[in-house]
Amino acid sequence: MVMTDPIADYLTRVRNANTAYKKSVDIPASNLKESMSRILKEEGFIKGFEVVDGDNPAKKAIRVYLKYDDKTRVISGLKRISKPSLRVYVGTEDVPRVLGGFGIAVLSTSKGIMTDKSARKEGVGGEVLCYVW
């Protein structure tokens, strides 16, 4: 099956597993999804992740371990911003803040995938992929 929006699929799988209080969720692997998982781990939204090899290279997956605090979800929301039908780009001065700094915006920049804080520090703009809070 051809997937038109792999980032939305990633966010939906994490959102659904988080709502059902699952310990982990498997997502088809790609470098972009691995970078997003790394950012979520660094920012403390997930416990961790690992790349799981399947029986062939096409079956490679990322296993994301979700994080909860005494039956309270750490991730309370995920929102896809830039879609295939409508791309959203921001300049250096227009990098968004999510919930006044309590959440993160994930951006695809010329220096790689990074958070809004990192983009402001590096002085770059780019495509706003999603918000996580």
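A polar atom of the S37 side chain lies 2.9 Å from the backbone oxygen of K33. The model in which this pair occurs is predicted. S37 belongs to helix 2, which spans residues 31–42. With a relative accessibility of 0%, S37 counts as buried, the cut-off for that class being under 20%. Apart from residues up to four places away in sequence, S37 touches Y10, I46, F49, I62 and V64.

One of these partners, Y10, also takes part in the packing of helix 1 on helix 2. Helix 1 comprises residues 6–19, and its axis comes within 10 Å of that of helix 2, the two crossing at roughly 40°. Angles under 35 degrees count as roughly parallel and those from 65 to 115 as roughly perpendicular; helix 1 and helix 2 are therefore oblique to each other. Their crossing is right-handed. On the side of helix 1, the contact is made by P6, I7, Y10 and L11. Helix 2 contributes L32, K33, M36, S37 and L40. By residue class, the contact of helix 1 with helix 2 consists of 7 nonpolar residues, 1 polar and 1 charged. K33 and S37, the residues of the 2.9 Å pair, are both among the contributors from helix 2.

A further residue of helix 2 is I39. I39 is buried as well, because its relative accessible area is 3% and the class extends to values under 20%. When neighbours within four places in sequence are left aside, the contacts of I39 are with I104, V106, I113, M114 and T115. For one of these residues, M114, the C-alpha atom is 7.1 Å from that of I39, while the two residues are 75 positions apart in sequence.

D70 is not a glycine, yet has a positive phi of about 50°. K71, likewise not a glycine, has a positive phi of about 65°. D70 counts as exposed because its relative accessibility is 77%, the threshold being over 50%. K71 is also classed as exposed, at 64% relative accessibility.

Conventions: Residues numbered from 1 in each chain as written. Predicted model: local features only at pLDDT ≥ 70, side-chain atom pairs only at ≥ 80, totals over all residues. Heavy atoms only, no water. Helix = DSSP H or I, 4+ residues; strand = E, 2+ residues; numbered from the N terminus. Buried < 20%, exposed > 50% of the residue type's maximum accessible area, 1.4 Å probe, protein only. Polar contact = N/O pair within 3.5 Å; in protein donor to acceptor, adjacent residues only side chain to side chain. Contact = heavy atoms within 4.5 Å. Axes fitted to C-alpha atoms, helices over the stretch in contact; angles between N-to-C directions. Parallel < 35°, antiparallel > 145°, perpendicular 65-115°, else oblique. Left-handed = near helix turned anticlockwise from the far one by under 90°. Nonpolar A, V, L, I, M, F, W, Y, C, P; charged D, E, K, R; others polar.
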